[in-house]
Amino acid sequence: MTSWTKWLWAPLHAFGVATQAKSFRDNVVIGSPWLNRHGLHVWRRRAAARMGQRRRAALAGLVSAEDAAAFARDGYLIKPDFLAPEVFAALQAEVSALEVPAREFVDGYTFTRLIPLDSVSLPAMQATRAVVASAAYQNLHAYVGSFRRFPRLSIQTIFSRFREDVPDVQSHYHSDTFHPTVKSWLYLTEVDAAAAAFTYVPGSHVANRRRMAWERRVSLTAREGSDRLTAEGSMRISEAELHRLGYPAPRKLAVAPNTLVIADTSGFHRRGISQSQACRISIWAYSRSNPFLPFVGSVLPDVPALRGRLSRAVWAVLEAARRGKPARGWHWAGVRRADTPP
Ligand SMILES: O=C(O)CCC(=O)C(=O)O
Ligand SMILES: [Fe+2]
């Protein structure tokens, strides 16, 4: 689109300002250097943080005081031995036995597979269903994500260094978006420090003054910047810049199986660099909502029998549009197990 035709969409884009829309490149209002020089991005960030704080306060009863304090300090929680051993064994058995169509994506030295856990796959998985529906699991996601919503779930397999190439895009420090949000990994495999362990900059879920100044600066050029993901609203940051913002050193979270790692991924994080071939399998969850909402519930009703249906319909349309041509991004790859080699 030329830039003037883009402006025809401006009225619609203006509505986007009051939502979770984050792309500086695709939304002429959110990406406007003039508006961002006058504080639009910084205002959205501050307002979203304030609302997130209010919603978390309303949900504080869902987590222990220790977890709330650790999360407030670090922006993530590590819960070792999350499930009782027999429950974990049942979950693991169910996941390893599952053999269904999977989605796959290759980027740099990383091969990622996602098996959606939704209304299509979950009914046959009794143990897994009970775990993800449990209060212990749901409450942590509600608190960290600041919304009482059933997260989107998948079995995520990461094959790191499956080929010689550069690290994938997630292996550079970044913030997923401008507002409080949640992602989690309930690991089924051990994650070694030398492998692609999730790495988080403690405390970076809270914006200090230098961070705000940095965000303001980035928002002025993000639209045209050379970094695609920054342009799309997931700001990338170099290690030198991170250091200048005054946050503590990043922590690479090496963990044992049956550990839940849950984080506000608006804080800076990356997929750790792998020294050698590694395979990491987890139940992966994320949840996003309109960050300006004053209440913690959903706008649309959550119908268990419909979970994942819309995504599957969208993927079907994209597959049809591809018409058998080789896939460049995420695609249905055929029937797989979580640990089927790439
Ligand atoms: O897989 C990881 O360790 C982190 C990837 C990431 O940046 C994300 O999922 O937002
Ligand atoms: Fe991320």
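**View 1. Eight-stranded open sheet of the predicted model.** The sheet is open and is built from 8 strands, which follow the order β1-β8-β5-β10-β4-β3-β2-β11 with antiparallel pairing. β1 (76-79) and β11 (331-336) stand at the edges; each has a single partner strand, so one side of each lacks a neighbour in the sheet. From one strand to the next, the twist averages 25 degrees. Strands of a sheet pair through backbone hydrogen bonds, in either a parallel or an antiparallel sense.

**View 2. Strand β5 and its partner β10.** β5 (residues 182-187) and β10 (residues 278-287) run antiparallel and are joined by 6 bridges. Two residue pairs can be picked out along this pairing.

**View 3. Strand β5 and its partner β8.** β8 (residues 260-263) is joined to β5 by 4 bridges, and the two strands run antiparallel. Within this pairing, S184 stands opposite I262 in β8. In the strand order of the sheet, β5 lies between β8 and β10.

**View 4. Side chains and burial along β5.** In a regular strand, side chains alternate between the two faces of the sheet. In β5, V182, S184 and L186 point one way, while K183, W185 and Y187 point the other way. Residues of both sets are buried. With 6 of its 6 residues buried, β5 is therefore largely enclosed by the rest of the structure.

**View 5. Shell of residues around ligand 1.** The shell is made up of Q170, D176, K183, F198, T265, H269, R270 and R271. By class, 1 of these residues is nonpolar, 3 are polar and 4 are charged. Strand β9 (residues 269-271) supplies the largest share, with 3 residues. K183, which belongs to this shell, is also one of the buried residues of β5.

**View 6. Setting of the close-ups within the protein chain.** The protein chain contains 12 helices and 11 strands. Its C-alpha trace spans about 55 × 55 × 45 Å along the principal axes. The radius of gyration is 20 Å, which agrees with the value near 20 Å for a compact globule of 342 residues. Of the 342 residues, 38% count as buried. Among contacts between residues at least 6 apart in sequence, 86% join residues at least 24 apart.

Conventions. Residues numbered from 1 in each chain as written. Chains lettered and ligands numbered in written order. Predicted model: local features only at pLDDT ≥ 70, side-chain atom pairs only at ≥ 80, totals over all residues. Pairing = 2+ DSSP bridges. Axes fitted to C-alpha atoms, helices over the stretch in contact; angles between N-to-C directions. Near = placed C-beta within 6 Å. Nonpolar A, V, L, I, M, F, W, Y, C, P; charged D, E, K, R; others polar. Rg over C-alpha atoms; globule rule 2.2 N^0.38 Å. Buried ≥ 20, exposed ≤ 12 C-beta atoms within 10 Å, placed from the backbone. Contact = placed C-beta atoms within 7 Å.
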